Amino acid sequence: GLGSRGFSLAGAECVSTVELTSGRRRCLKHHYPEAKHLVDLREVSGAQLCQPDVLFLTTPCPSFSVGNRSASGLDDDRGILLLQGIRLVEEVQPKMVVLENVPAMLFARHEQDVGTCLELIPSLGYNLVLHETLDARRFGIAQSRKRLFLAWLRNDLPFNHALLQISGASAHLNSVPSTWLGPTMSRAALLLLRDRINRHGKPGFSHLADAFIGDAPEPKNWQGKPIFHCNHSNSAFGIGSMVTLTKTGRGLVRFNGKVHQLTVEAWEELMGLPPGFTAPIGSHAQRREACGDGIVVPVARAVGNWIHEVLAN
């Protein structure tokens with residue numbers, strides 16, 4: 001619900017959600033009790049969506065992500081959900097359609113299939129009015145997370161091109177707040193983690209793991225840099241004193257010679273959520289996972305403000 005949170009802060013009302021995972025659905029129901037909460041996009045009809053002005057499509061990104069070496073685009077059960085979203089565009093005919101995903105969705109590997117798919121939206125009576133890649137650290141968040149945003153406006157509505165500007169304040173963070181520090185990890189656990197990384201054959205991972213364990217010096221180009229963070233990516237994306245090393249989103253921080261896991265509250269802050277937002281979900285691991293690997297709240301709010309301007313004119 002990070003997109004819903006950002007749009008709500010921009011003055012929108014969340015009228016319907018579609019979420020397959022029960023824990024995340026609990027969280028959405030808690031924060032948007034008046035909305036209609038549906039389960040499976042493949043079984044949702046347009047009549048169930050309460051006639052929204054804006055249809056926000058954010059399908060799972062692993063089908064397209066460069067971090068997933070086996071990403072198969074529309075051949076993936078998750079990737080093909082994009083077509084289900086377009087089906088709902090035809091059934092609902094909202095004023096605006098907004099699509100958010102990883103920039104790699106339009107890279108050469110998927111460009112032809114996805115491009116052909118997205119050409120269906122103009123054929124339904126819409127004009128493309130936004131094609132931007134927005135980085136979270138340009139909107140006050142201490143991580144680099146680039147996301148693609150595409151928006152189509154129904155062609156019976158006016159569009160003032162002069163309105164097109166989405167921006168925010170950049171974030172720079174050179175140290176880890178103490179409130180982010182969770183439990184420490186033992187040397188044995190780190191060695192086990194390094195062995196697991198080596199078994200997966202990820203290039204460069206063993207060096208990063210060694211740097212945390214203490215068998216190798218921390219790379220000099222990490223020092224004095226903002227924290228860049230990738231929640232549960234397959235690749236090491238950390239710069240500074242934090243790096244993500246595993247698929248399961250175990251963000252590790254070296255602080256005063258010890259290696260810590262990040263708290264749930266740290267994950268929430270890194271995604272622009274207030275502390276405790278994910279508490280209705282339940283366990284630590286489920287809450288951390290539900291913070292997502294996609295859109296961050298300030299970016300969604302900025303896009304929501306832009307949408308408000310467009311529709312108001």
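Two rings of Phe, Tyr or Trp are taken as a pair if their centres lie within 6.5 Å, the six-membered ring being used for Trp. By this criterion, the structure, which is a predicted model, holds two aromatic pairs.

In one of these, Phe7 and Phe56 are tilted, with 4.9 Å from centre to centre and 45° between the planes. This pair links distant parts of the chain, since Phe7 belongs to helix 1 (residues 2-9) and Phe56 to strand 3 (residues 54-57), 49 residues apart. Phe7 counts as buried at 11% relative accessibility, whereas Phe56, with a relative accessible area of 21%, is partly exposed. The rings of Phe159 and Trp306 have planes at 70° and centres 6.5 Å apart, and the pair is therefore edge-to-face. Here too distant parts of the chain are linked, with Phe159 in the loop between strand 6 (146-154) and strand 7 (181-184) and Trp306 in helix 10 (residues 297-312), 147 residues apart. Phe159 is buried, with a relative accessible area of 19%, and Trp306 is buried as well, with a relative accessible area of 2%.

A search of the whole structure for disulfides finds zero. Cys14 takes part in none, the nearest cysteine sulfur being that of Cys50, 9.6 Å away. Cys14 counts as buried at 16% relative accessibility, as does Cys117 at 4%.

The protein chain has a mean pLDDT of 81, with 79% of its residues at 70 or more. Confidence is highest in strand 2 (residues 36-38), at a mean of 97, and lowest in strand 8 (residues 242-244), at 55. Over residues 228-241 pLDDT stays under 50, although the model has 69 contacts beyond four places in sequence for this stretch. Where pLDDT is low, the predicted coordinates should not be read in detail.

Conventions
Residues are numbered from 1 along each chain as its sequence is written. This is a predicted model: local features need pLDDT of at least 70, side-chain atom pairs count only at pLDDT 80 or more; totals for chains, interfaces and linings use all residues. Side-chain values use heavy atoms; hydrogens and water are left out. A disulfide is a pair of cysteine sulfur atoms within 2.5 Å. Buried means under 20% relative accessible area, exposed over 50%, partly exposed in between (1.4 Å probe, protein chains only). pLDDT is the predictor's confidence in each residue, from 0 to 100. Helices (H or I, at least four residues) and strands (E, at least two) are DSSP runs, numbered from the N terminus. Contact means heavy atoms within 4.5 Å. Rings of Phe, Tyr and Trp (its six-membered ring) pair if their centres lie within 6.5 Å; planes under 30 degrees apart count as stacked, over 60 as edge-to-face and the rest as tilted.
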